[in-house]
Amino acid sequence: SGTSIGANIYEAQYAQSTLDFISKLEIALKESSETSFWLKLLFETGYIDEKRFLALDKKCTSIRVVLITSCKTAKNNLSQGNL
């Protein structure tokens with residue numbers, strides 16, 4: 001799921017339309033949520049320690065924030081006819 005985030009963002013760069021672009025970013029956003037789940041599971045099962053979990057979860061959250069903002073901006077631009 002973690003690598004899927006980057007793959008979908010990369011694919012969004014070559015979207016066929018603004019709606020396709022938004023769709024790819026929203027898929028990346030869902031994958032970031034799934035990644036957060038897996039990180040929590042790895043921590044809770046003792047596969048990774050707390051320090052590593054916190055660092056990775058912070059990065060995942062940062063990516064999610066950027067994706068949420070990007071989706072909102074693209075939707076706003078679409079509704080205003082800017083794209």
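Is lysine 75 buried, partly exposed or exposed, and what is its relative accessibility? I looked it up: lysine 75 counts as partly exposed, at 42% relative accessibility. My cut-offs are under 20% relative accessible area for buried, over 50% for exposed, and partly exposed in between, using a 1.4 Å probe and protein chains only.

**Ground rules.** I'm working with a predicted model, where local features need pLDDT of at least 70, side-chain atom pairs count only at pLDDT 80 or more, and totals for chains, interfaces and linings use all residues. Numbering runs from 1 along each chain as its sequence is written, and side-chain values use heavy atoms, with hydrogens and water left out.

**Salt bridges.** I found three salt bridges in the structure. The rule is a side-chain nitrogen of Lys or Arg within 4 Å of a carboxyl oxygen of Asp or Glu. Lysine 75 pairs with glutamate 26, and their closest N and O atoms are 2.6 Å apart. Lysine 75 sits in helix α3 and glutamate 26 in helix α2, so this pair ties together parts 49 residues apart in sequence. (Helices are DSSP runs of H or I, at least four residues, numbered from the N terminus.) Glutamate 26 is partly exposed too, with a relative accessible area of 29%.

Then I checked which residues are joined into one network by shared partners: Glu11, Asp20 and Lys24. Aspartate 20 bridges to lysine 24 with closest N and O atoms 2.9 Å apart. Both lie in helix α2, four residues apart, about one turn of the helix, and both are buried. Glutamate 11 also bridges to lysine 24, at 3.7 Å between the closest N and O atoms. Here glutamate 11 is in helix α1 and lysine 24 in helix α2, 13 residues apart.

**A charge without a bridge.** Next I looked at glutamate 31, in helix α2 (residues 18-44). Glutamate 31 is buried yet has no salt bridge, and the nearest side chain of opposite charge, lysine 30, is 7.5 Å away. For charge, Lys and Arg count as positive and Asp and Glu as negative, while His and the chain ends are not counted. Setting aside neighbours within four places in sequence, I see glutamate 31 in contact (heavy atoms within 4.5 Å) with Ser1, Ser4, Ile5 and Asn8.

**The core.** Ile5 turns up again in the largest nonpolar core, with Ala12, Leu25, Ala28, Leu67 and Cys71, six residues in all. Helices α1 (2-12), α2 and α3 (50-79) each supply at least two of its residues. A core here is a set of buried Ala, Val, Leu, Ile, Met, Phe, Trp, Tyr and Cys residues joined through side-chain atoms within 4.5 Å.
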